[in-house]
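Subject: Structure handover

Hello,

Here is the structure I promised to pass on. Please open it beside this email and follow along.

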Amino acid sequence: TFSVLSCIDKLVTSTVGKSTNVLWHDCPIGQFERQELLNQKGCVVWITGLSGSGKSTLACALSRELHSRGHLTYILDGDNLRHGLNRDLCFEAKDRAENIRRVGEVAKLFADAGLICIASLISPYRSERSACRKLLHNSTFIEVFLNVPLEVCEARDPKGLYKLARAGKIKGFTGIDDPYEAPSDCEIVIQCKAGDCATPKSMADQVVSYLEANEFLQE
């Protein structure tokens with residue numbers, strides 16, 4: 001006699017990390033169907049660069065431009081996430097790595113939902129950015145490097161963090177006493193030099209052009 005219990009007996013659970021007896025449940029409505037509904041292809045635009053390079057500014061400009069064209073986006077801003085999801089993490093190496101891992105996993109979910117997820121974080125280490133890239137498939141991880149010299153970022157110092165780091169009041173600050181590893185194989189590089197920086201709109205247009213050329217946007 002067929003029973004719910006006999007069906008359950010056939011399910012094979014697994015161990016993932018520290019989680020035991022877990023089972024992945026598939027749903028007939030998947031990424032393809034969601035993308036068809038939204039007329040866009042889910043992806044992650046990962047903006048990386050030094051503090052003060054303009055990551056959040058670009059993220060907002062890009063979101064605004066895509067919204068005006070009828071596309072759905074969501075921004076995962078490093079500072080904003082530390083008000084909630086990552087409020088339990090500090091800025092020591094182990095916690096910074098966990099911060100990036102969590103954002104990568106959340107960004108993956110947004111992309112799977114069919115959204116254009118814009119992640120804006122310093123994310124200073126190549127290995128951690130690479131790990132986030134590997135979470136995505138079919139070239140849906142788009143790394144944008146804001147290549148802004150340290151002296152330009154320090155001159156801007158919008159949050160006064162460079163001044164605190166130079167005074168020794170902040171330890172392990174990226175660019176001062178902790179390294180930033182520039183991308184070696186990113187999809188987009190936006191260059192900025194002292195006295196020669198593109199406007200937020202111009203930078204956003206550069207990313208939009210890439211999304212259009214690679215068929216992430218459907219009109």
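Below is what I found in it, grouped by topic. Please keep in mind that this is a predicted model.

I start with the largest pocket. Its volume is about 720 Å³. The lining is made up of 29 residues, and those closest to the centre are S51, D79, I122, K159 and L161. Three helices each supply at least two lining residues: α3 (55–68), α4 (78–81) and α5 (93–112). By class, the lining splits into 9 nonpolar, 11 polar and 9 charged residues.

The second largest pocket holds about 410 Å³ of space. Its lining counts 18 residues. Nearest the centre are W24, R34, K108, L109 and D112. The biggest share comes from α5, with 5 residues. Here the classes are 7 nonpolar, 6 polar and 5 charged.

**Aromatic pairs**

The model has 4 aromatic pairs. One of them joins F145 and Y180. The ring centres are 6.0 Å apart and the planes meet at 20°. That angle is under the 30 degrees cut-off, so the pair counts as stacked. F145 belongs to strand β6 (residues 141–147). Y180 sits in the loop between α8 (161–166) and β7 (188–191). The pair therefore ties together parts that are 35 residues apart in sequence. Both partners are buried: F145 has 9% relative accessibility, and Y180 has 18%.

Another pair is Y162 with F173. This one is edge-to-face, with 5.0 Å from centre to centre and 80° between the planes. Y162 is in helix α8, and F173 is in the loop between α8 and β7. The two are 11 residues apart, and the pair links distant parts of the chain. Y162 is buried, at a relative accessible area of 1%. F173 is buried as well, at 9%.

**Charges over rings**

Two contacts of this kind are worth a look on screen. R82 places its charged end over the ring of F91, 3.9 Å from the ring centre. K41 lies over the face of F216, and its distance from the ring centre is 5.0 Å.

**Cysteines**

How many disulfides does the whole structure hold? The search finds 1. C192 and C197 form it, with sulfur atoms 1.6 Å apart. C192 is buried, at 5% relative accessibility. C197 is partly exposed, at 33%.

C90 is in no disulfide. The nearest cysteine sulfur to it belongs to C132, 18 Å away. C90 is partly exposed, with a relative accessible area of 30%. What about C132? Its closest cysteine sulfur is in C117, at 11 Å. A disulfide needs the sulfur atoms within 2.5 Å, so 11 Å is too far for a bond. C132 is buried, at 2% relative accessibility.

**Backbone**

Most residues other than glycine have a negative phi. Which residues here have a positive phi without being glycine? N39 is one of them, with phi near 55°. N39 lies in the loop between α2 and β3 (43–48). At 39% relative accessibility, it is partly exposed. D157 is another, with a phi of about 35°. D157 is in the loop between α7 (150–156) and α8. Its relative accessibility is 17%. Buried means under 20%, so D157 counts as buried.

**One glycine**

G30 is in the loop between β2 (19–22) and α2 (31–38). The residue is buried, with a relative accessible area of 17%. From G30 to A194 the C-alpha distance is 46 Å. In sequence, 164 residues separate them.

**Where to look**

Begin at S51 and D79, which are among the residues closest to the centre of the largest pocket. Next, turn to the stacked rings of F145 and Y180. Then go to the disulfide between C192 and C197. End at N39 and its positive phi.

Best wishes

Terms used
Residues numbered from 1 in each chain as written. Predicted model: local features only at pLDDT ≥ 70, side-chain atom pairs only at ≥ 80, totals over all residues. Heavy atoms only, no water. Helix = DSSP H or I, 4+ residues; strand = E, 2+ residues; numbered from the N terminus. Buried < 20%, exposed > 50% of the residue type's maximum accessible area, 1.4 Å probe, protein only. Phe/Tyr/Trp six-rings, centres within 6.5 Å; stacked < 30°, edge-to-face > 60°. Lys NZ or Arg CZ within 6 Å of the ring centre and 35° of its normal. 1 Å grid on protein atoms, 1.4 Å probe; cavity = no way out; pocket = protein on both sides within 12 Å on 5 of 7 lines; lining within 4 Å. Points joined across faces, edges and corners; volume = space filled by probe spheres on them. Nonpolar A, V, L, I, M, F, W, Y, C, P; charged D, E, K, R; others polar.
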